[in-house]
Amino acid sequence: MSERSFSVSMVASAVVLILGSFPSIADTLTESFEEKNSHIDLGQADVSLFHYRQSSNLLAQSGVTVHPSVANADNPISIRGASNGIAVMQDNIFYSAAPYSAKNLVSLPNLFFQSSVSSIKHTNVGQGGQGSFGVLNYTTAEISDRDTDAIVNIESNADGSPAGGLIVSGKTKEYGMLLGVDYQKSEDDAGFKTSFDNKHEKTDILFKINAASLAGARNPQTTQFSYHFTDTTLDNSSIGLTENDFSLSPNTRYAATQLDYETGKRQRYALAHQVDLSGSTMFTDFYYQSFSQGGQDTLFVDDQLINRQLLQQLSDFEKNPTSQGLTTNTAIADNDFDGFGVQTKGISMYGAHEVTYQARYHSDKAEIKVGQLDYLVGENLNLAVQDNIYGVSDYTDKADAITTAVNTKLNYDAWSVNIGLGYEHVSVVRELGANTDLITEADFSDDGWLPAIEVAYKNDAWLFALSTKQAWTAASAGNTQQLAQEALQYQLALHYQQGAFVAGLSTYMHDFDNQHVTCQWGMNCLPYQEATQVNLKDVTVTGVDVNLDYNMTFDSFSIPMTLAYTYSQAEFGQSSCDIILGCYRDGEQLPWVPEQQLSASVGLVMGQFSLVANGLYQSETGNALTPGNYGVDSQLKVDLAAKYQMTATHELYVRVENVLDEDLVAKNYQMGMLAQNEMTTYIGYQGHF
């Protein structure tokens with residue numbers, strides 16, 4: 001079928017290229033293993049025909065736990081029970097502008113610009129603490145080797161909401177250039193008793209320019225500058241519906257939230273340099289990025305945080321409004337995040353063996369300003385401003401991190417041994433502004449070691465692997481106990497490949513001494529809660545991953561099939577209460593970890609016609625003992641895509657998301673139920689010139 005197998009990260013290479021998007025000099029046994037079992041080539045036939053710009057189904061296929069989200073919003077993810085200490089990378093540079101200072105910021109790249117996505121599900125010493133509990137790595141489209149190469153994509157859904165993208169690239173002598181532009185817009189009917197739209201608009205721009213060795217250079221070199229810009233507007237709300245209202249129309253909103261929205265502007269500048277020396281290669285990156293976030297979100301009725309009782313009051317007023325009106329209170333956010341860094345890496349070969357040295361300095365900052373604005377919902381369900389904005393929270397978090405790592409890869413015929421050691425020192429500061437009575441200042445530092453050892457043995461079609469690693473992630477400024485997240489990670493894996501058939505089985509245990517939790521998934525948090533990081537003692541995560549990949553080929557057609565099943569037991573190690581999770585019990589499942597997740601894909605390819613279905617099943621999440629988190633029942637989401645290849649360069653396609661038209665829940669918490677996408681049909685065209 002392909003280079004892609006959906007086997008989940010059975011044994012991770014101790015080093016991923018964190019320094020630019022250039023290939024390694026040599027693949028060791030474990031590196032090749034990792035590439036097969038967690039990597040999705042987005043240009044592959046049975047993946048590319050979906051033309052996703054974002055998708056929970058695709059992310060699940062890369063081997064992570066994908067948490068539900070509302071339409072057009074990025075999906076939070078977790079890996080083997082951890083939601084912090086997971087690095088989201090683009091071209092091996094942090095995608096988040098402030099990964100150390102803004103732990104609960106959820107942001108994922110537009111898939112239109114990506115050529116591949118891969119995951120690592122345990123410690124990677126080269127990534128340091130931010131990737132210590134997993135990595136999700138995106139690689140953007142490369143500059144074409146041709147003089148001119150262009151990809152054009154245009155699509156629209158059944159409501160007439162358009163999306164269009166263009167990538168143009170090419171090379172002339174020693175120089176190459178790429179320009180990508182993508183635009184998305186949607187307007188969906190919303191409103192429980194009023195008529196207004198949910199709106200989403202997003203513009204992405206990607207620019208690259210590179211140069212090969214300049215005249216007179218003693219060694220082959222490549223230098224590349226890249227710029228990435230994203231501008232997003234999303235009408236959204238944290239207020240859901242009562243169960244009765246959800247059953248009537250799950251995608252509607254109450255009038256009180258018609259002014260809720262979120263905006264974001266992201267910019268990234270990066271300069272990557274590679275030089276090939278005698279017997280080694282050096283990579284260096286310089287990068288700076290910023291993210292400006294604004295918007296407003298209704299959270300209160302009469303200055304009380306909305307719970308199920310107040311939600312019912314809001315619903316009753318919507319159905320039978322009175323002249324007295326109803327007072328609601330909205331949080332107004334105006335946040336800025338930025339970060340910069342330099343990272344370098346050297347790879348040296350000694351016969352069949354490889355030694356990698358890495359170092360990175362990173363600094364980032366999160367400036368958080370939250371105000372409040374009061375509205376009166378009138379008898380006609382319009383909103384009238386009651387007073388001027390007044391401050392609620394104002395603080396700045398800063399972090400500086402120095403990361404170093406060395407990894408030795410020893411290859412002896414059928415045996416491969418990786419021994420790695422990483423070290424990271426992190427300093428964090430929290431400075432308080434006005435209205436911060438519930439937040440405390442911080443100024444502390446911490447450091448940790450990340451040792452790792454992996455042993456793999458290959459015999460014909462079989463591969464056996466065993467790894468033991470120590471994971472460590474520094475506490476954020478909002479962690480009053482200043483405790484790092486730590487865990488021992490063990491994994492035993494088997495892998496079998498014979499022709500077009502691939503099978504994998506892995507068992508693992510992550511034994512946490514301390515686990516970090518921030519306000520991120522399935523929770524509604526006040527500004528002071530979003531500034532907090534809590535600690536969970538003695539969490540244990542054990543699980544089994546079973547993976548199959550097979551392409552049945554016949555004379556006139558083929559049937560590609562993949563399946564990835566994960567069973568996870570992620571349990572609290574004590575009974576306690578905190579301000580984010582509420583109360584929990586020893587032995588209880590972590591509320592954000594489904595016990596079972598199944599990702600499957602099956603297709604039919606016949607000449608110029610292709611038809612593929614992607615399915616994602618998750619068992620229930622959440623727990624009634626956790627205040628504010630009422631859980632999500634087990635869910636099945638199926639997407640269907642068909643493509644007709646008119647010529648070698650022109651294709652027409654149809655994509656149907658949530659083809660079963662299920663009322664899928666994104667969140668079910670104290671502020672009500674929010675829905676995921678209803679069934680949506682897209683018709684599109686893509687040309688390659």
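Trainee: In which strand is the place of H228?

Mentor: H228 is found in strand β12, residues 221-234; strands (E, at least two residues) and helices (H or I, at least four) are DSSP runs, numbered from the N terminus. This is a predicted model, in which local features need pLDDT of at least 70 and side-chain atom pairs count only at pLDDT 80 or more, while totals for chains, interfaces and linings use all residues. Residues are numbered from 1 along each chain as its sequence is written, and side-chain values use heavy atoms, with hydrogens and water left out.

Trainee: What makes H228 count as buried?

Mentor: Buried means under 20% relative accessible area, exposed means over 50%, and partly exposed lies in between (1.4 Å probe, protein chains only). The relative accessibility of H228 is 1%, so H228 counts as buried.

Trainee: Which side chains are joined to that of H228 by a polar contact?

Mentor: The side chain of H228 has a polar contact of 3.2 Å with that of Q90 and one of 3.3 Å with that of D204. The term requires a pair of N or O atoms within 3.5 Å; within protein, one must be able to donate a hydrogen and the other to accept it, and residues adjacent in sequence count only if both atoms are side-chain atoms.

Trainee: Which residues are in contact with H228, leaving aside its neighbours within four places in sequence?

Mentor: Contact means heavy atoms within 4.5 Å. With those neighbours left aside, the contacts of H228 include Q90, Y95, F113, D204 and R266.

Trainee: Is N535 buried or exposed, and how do you know?

Mentor: N535 has a relative accessible area of 10%, and therefore it is buried. N535 belongs to strand β25, residues 533-537. Its side chain makes polar contacts of 2.8 Å with N479 and of 3.0 Å with N514.

Trainee: Is W449 buried or exposed?

Mentor: The relative accessible area of W449 is 52%, so W449 is exposed. W449 sits in strand β21, residues 442-459. Apart from neighbours within four places in sequence, W449 is in contact with L421, G422, Y423, Q470 and W472.

Trainee: Why does V168 count as partly exposed?

Mentor: V168 counts as partly exposed because its relative accessibility is 33%. V168 lies in strand β9, residues 162-172. Not counting residues up to four places away in sequence, V168 touches D149, A150, M177, L178 and L179. V168 and V152 are 16 residues apart along the chain, and their C-alpha atoms are separated by 8.7 Å.

Trainee: What is noted about the phi of N92?

Mentor: Phi of N92 is near 65°, a positive value in a residue other than glycine. Most residues other than glycine have a negative phi. N92 is in the loop between β4 (87-90) and β5 (93-94), and at 7% relative accessibility N92 counts as buried. D413 is not a glycine either, and has a positive phi of about 55°. D413 is in the loop between β19 (390-412) and β20 (415-432), and D413 is exposed, with a relative accessible area of 86%.

Trainee: Which residues of α5 are buried, and why are they said to be on the same side?

Mentor: The buried residues of α5 are L310, L311, L314, S315, F317 and E318. They cover an arc of only 165° around the axis, so they are on the same side of α5; the arc is that of the directions from the helix axis to the C-beta atoms. Among the elements that cover them are α4 (243-248), β14 (280-301) and β16 (326-350).

Trainee: What caps the N-terminal end of α5?

Mentor: N307 does, with a side-chain oxygen 3.1 Å from the backbone nitrogen of Q309.
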